[in-house]
Amino acid sequence: FSVFFRGAESITLDLRDPAGVADLALLLTRADVFVESFRPGTLARFGAGLDKKELVLIGYGVIGPAIASEMLARGAKVTVIERSRERAEAARKAGFHVVLDDPADAKALARRRAALAKADLVVGATGRRTLSLEDMRLLKDGAAMASASSKRGELDMEGLEREASARELLPSGEPLVTLPTAKYRLKGRTLFVIGDGYPVNFDGG
């Protein structure tokens, strides 16, 4: 081992700790290959990885297609929420489940709320506010959120920071992860915000 992997870097992640699981999720978005030697089902038991996780991607514009395709390739069940009918149709043709983001349409609004309520991870990729405090109240216990745009305004962090009963920055065991993951308590639920609302580089390039 020491001969073949000379010069390789390594880290230790505690997958019993939500911070370790969040760090692994970030590493998986950067990895070309992931090899593990656990018994089958072990990573799923820890909640690690994306296999069969419900990902909601809000925005299928410039970077949305690449994020959606990458998450799908890693086993996530991807739902795209998109305001533009043209981009929504492009996402549908690419094979994704699509919810049209139309606040004036009661049925579309109900479908949007239902998608958010079952999401394990919500990623905003529009460059504008995509997840309000009201939306965050719909998320299930243990759900995670991330911004993939160029601004912290993608998620209503001001509202979350104001309304949350507790906030904790989780330590990272990964030297390449420079943004903290934060854990918030909102209305009796624990929500994780990868990068604490600052943009996350899902490309890793």
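## Surface and burial

The accessible surface of the protein chain (Shrake-Rupley method, 1.4 Å probe) is about 11,400 Å², and carbon and sulfur atoms account for 53% of it. This is a predicted model in which local features need pLDDT of at least 70 and side-chain atom pairs count only at pLDDT 80 or more, while totals for chains, interfaces and linings use all residues. Residues are numbered from 1 along each chain as its sequence is written, and side-chain values use heavy atoms, with hydrogens and water left out.

Of the 205 residues in the protein chain, 42% are buried, meaning under 20% relative accessible area with a 1.4 Å probe, protein chains only.

## Secondary structure

The protein chain has 7 helices and 8 strands, taken as DSSP runs (H or I, at least four residues, for helices; E, at least two, for strands) and numbered from the N terminus.

## Nonpolar cores

A nonpolar core is a set of buried Ala, Val, Leu, Ile, Met, Phe, Trp, Tyr and Cys residues joined through side-chain atoms within 4.5 Å. The largest has 24 residues, of which L55, L57, Y60, V78 and V80 touch the most other members. Elements giving two or more residues to this core include β1 (54-58), β2 (77-82) and α4 (85-93); α3 gives the most, with 3 residues.

Beyond its neighbours within four places in sequence, V80 is in contact (heavy atoms within 4.5 Å) with L57, Y60, A91, F96, H97, V98 and V99. A second, separate core of 23 residues includes I81, A115, L139 and A164.

## Strand pairing

β2 and β3 pair in the parallel sense over 4 bridges; pairing requires at least two DSSP bridges. E82 stands opposite L100 in β3.

Key:
Buried < 20%, exposed > 50% of the residue type's maximum accessible area, 1.4 Å probe, protein only.
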